[in-house]
Amino acid sequence: MQAMKKHKELLNDLNNFIEIKRILADNVKTLDKISDDIDEQEIEIKRLEQLNTPTFQIKQMQDNYDIKATSYNLLLELHQQNLITLWKLSRYILKQFKHFSEDEIKEYNLNDIQASIQEQSDNIKPKFIDLLKYDLKHLGSQQHE
């Protein structure tokens, strides 16, 4: 029964890992689109300024630009936090492999999965300062709950 529980937990965590990676990929696409929109809007504002367009029209575009830039920055911050969450999950998954014997790892073909998770974990490992900021932010929010 214990063996079934550890397999089920690993499978659930691997599914969560894959789903979080999919969401992060979607977020990157959204960030790219917003970034392109911001760049286009900046070019348009400069063009309108050169054409002596009325100030109120430029102001409206600048306000819209500011909203998009703020949204971009907030989404980028959230994306960075999600990367840290994914990294923490990868570390947790790697610890789960320690509960499997070498025979089980071979029998269930877990070597490739373990190596893949390890590689991905290494690729997304946050800088220590970012991890510290994340932990402090989440520690502070947990105390307020």
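Visitor: Where do I start, and how many helices and strands does the chain have?
Guide: The model is a predicted one, and in it the chain has five helices and zero strands. Read from the N terminus on, the elements run α-α-α-α-α.

Visitor: What does the C-alpha trace span along its principal axes?
Guide: The C-alpha trace of the chain spans about 75 × 35 × 25 Å along those axes.

Visitor: And what is the radius of gyration of the chain, next to that of a compact globule?
Guide: The chain has a radius of gyration of 22 Å, whereas a compact globule of 145 residues would have one near 15 Å.

Visitor: What share of the residues is buried?
Guide: Buried residues account for 27% of the 145 residues in the chain.

Visitor: Okay, contacts now. Of those between residues at least 6 apart in sequence, what share joins residues at least 24 apart?
Guide: Among those contacts in the chain, 78% join residues that are at least 24 apart in sequence.

Visitor: Let's turn to helix 1 and helix 4. At what angle do they pack?
Guide: Helix 1, which covers residues 2-50, and helix 4, which covers residues 111-124, pack at an angle of about 40°, and their axes are 13 Å apart. The two helices are therefore oblique to each other, since an angle under 35 degrees would be needed to count as roughly parallel.

Visitor: Is that crossing left-handed or right-handed?
Guide: Helix 1 passes helix 4 in a left-handed crossing.

Visitor: Which residues meet there?
Guide: From helix 1 come Leu-14, Phe-17 and Lys-21, and they meet Ile-113, Ile-117 and Gln-120 of helix 4.

Visitor: Where does Asn-52 lie, and is Asn-52 buried or exposed?
Guide: Asn-52 lies in the loop between helix 1 and helix 2, the latter being residues 55-96. With a relative accessibility of 69%, Asn-52 counts as exposed, because the cut-off for exposed is over 50%.

Visitor: What about Asn-109, where is that one found?
Guide: Asn-109 is found in the loop between helix 3, residues 102-107, and helix 4. Phi of Asn-109 is near 55°, again a positive value in a residue other than glycine, and Asn-109 is exposed, with a relative accessible area of 59%.

Technical notes. Residues are numbered from 1 along each chain as its sequence is written. This is a predicted model: local features need pLDDT of at least 70, side-chain atom pairs count only at pLDDT 80 or more; totals for chains, interfaces and linings use all residues. Side-chain values use heavy atoms; hydrogens and water are left out. Axes are lines fitted to C-alpha atoms, for helices over the stretch in contact, and angles run from 0 to 180 degrees between N-to-C directions. Helices (H or I, at least four residues) and strands (E, at least two) are DSSP runs, numbered from the N terminus. Angles under 35 degrees count as roughly parallel, over 145 as roughly antiparallel, 65 to 115 as roughly perpendicular and the rest as oblique. A crossing is left-handed if the near helix is turned anticlockwise from the far one by less than a right angle, and right-handed if clockwise. Contact means heavy atoms within 4.5 Å. Buried means under 20% relative accessible area, exposed over 50%, partly exposed in between (1.4 Å probe, protein chains only). The radius of gyration is taken over C-alpha atoms; the globule rule is 2.2 Å times the number of residues to the power 0.38.
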